[in-house]
Each structure stands twice: as C-alpha cells, then as structure tokens.
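Here's a quick tour for anyone opening this structure for the first time. Keep the picture in view as you read.

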Amino acid sequence: MSSEMWIIASVLVAAFLIMIPVQYRYIAALKEDPRRQGTNQETYYNNMSFQEEQLHYNTQVLFLPSTMVASWIYNWRHKSGKTTK
C-alpha cells in the first residue's frame, strides 16, 4: 500500500473513533428529549422542524459506522432488565 493510502486510512479510522463518543451523546440526548416522551418514533420525527430533521439525517448518515457502534454501546449499557429465555 502506498503512503497516501495509509494516511487516508488513518484519517478515516481516527474520524470513526472520534465520532463514537459524539454519536453516543447524541443518541442519549435523543432518548431523553422531553418531546419524545409518550410518542412513537414516527410521530416524534414528524413533529420535528425541517432544520432538526435535516440535522438528524446528516448526523446519522454521514457517520453511519460510528452511529452503529454508538447505538450498540448505548443499548448494551441501558438494558432494561429484560432476560432472554
């Protein structure tokens, strides 16, 4: 691999790792949003303003791998005491 490819790969991995805590905080803030309490996900997103909707979309899509890892970590840390049989 050429040195340029190593640099690009390093930057991508660094961005991935840096964005995991950012996405985790974003997911936690979404879960605690008072407007979300007592509504389903579809209603919550339908009631968002256009700017909020675009921000949410860009935040989730642009950093999809980090979002997936942060979501997994959030769900793992906030298990609701459910047991599997």
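## A word on handedness

Before we look at how helices cross, here's the term you'll need: a crossing is left-handed if the near helix is turned anticlockwise from the far one by less than a right angle, and right-handed if clockwise. One more thing to keep in mind is that this is a predicted model.

## Meet helix 1

Start with helix 1, which runs over residues 3–32, 30 residues in total. From its first C-alpha to its last, helix 1 reaches 44 Å, close to the 44 Å expected at 1.5 Å a residue.

Which residues of helix 1 are buried? They are Met-19, Ile-20, Gln-23, Tyr-24, Ile-27, Ala-28 and Leu-30. The cover over these buried residues includes helix 2 (41–46), helix 3 (50–62) and helix 4 (64–77). Ile-18 also sits in helix 1, but Ile-18 is exposed, with a relative accessible area of 57%, and the cut-off for exposed is over 50%.

## Helix 1 against helix 3

Now look at where helix 1 packs with helix 3. Their axes are 11 Å apart and the angle is about 140 degrees, so the two are oblique to each other. Helix 1 passes helix 3 in a left-handed crossing.

Who touches whom here? On the helix 1 side you'll find Gln-23, Tyr-26 and Leu-30, and they meet His-56, Thr-59 and Gln-60 of helix 3.

## Helix 1 against helix 4

Helix 4 packs on helix 1 too, at an angle of about 50 degrees and with the axes 8 Å apart. Helix 1 and helix 4 are therefore oblique to each other. What is the handedness of the crossing of helix 1 and helix 4? It's right-handed. Helix 1 brings Ala-15, Phe-16, Met-19, Ile-20, Gln-23, Tyr-24, Ile-27, Ala-28 and Lys-31 to this contact, while helix 4 brings Pro-65, Ser-66, Thr-67, Val-69, Ala-70, Ser-71, Ile-73, Tyr-74 and Arg-77.

Ile-18 and Ser-66 are 48 residues apart along the chain, and their C-alpha atoms are separated by 8.6 Å.

Ser-71 has its place in helix 4. Is Ser-71 exposed or partly exposed? It counts as partly exposed, at 27% relative accessibility. Follow the chain from Ser-71 to Tyr-45 and you cover 26 residues, while the C-alpha atoms of the pair are 18 Å apart.

Asn-75 lies in helix 4 as well. With a relative accessible area of 44%, Asn-75 is partly exposed. Between Asn-75 and Ile-27 there are 10.0 Å in space, C-alpha to C-alpha, and the two are 48 residues apart in sequence.

Terms used. Residues numbered from 1 in each chain as written. Predicted model: local features only at pLDDT ≥ 70, side-chain atom pairs only at ≥ 80, totals over all residues. Heavy atoms only, no water. Helix = DSSP H or I, 4+ residues; strand = E, 2+ residues; numbered from the N terminus. Expected span 1.5 Å × (residues − 1). Buried < 20%, exposed > 50% of the residue type's maximum accessible area, 1.4 Å probe, protein only. Contact = heavy atoms within 4.5 Å. Axes fitted to C-alpha atoms, helices over the stretch in contact; angles between N-to-C directions. Parallel < 35°, antiparallel > 145°, perpendicular 65-115°, else oblique.
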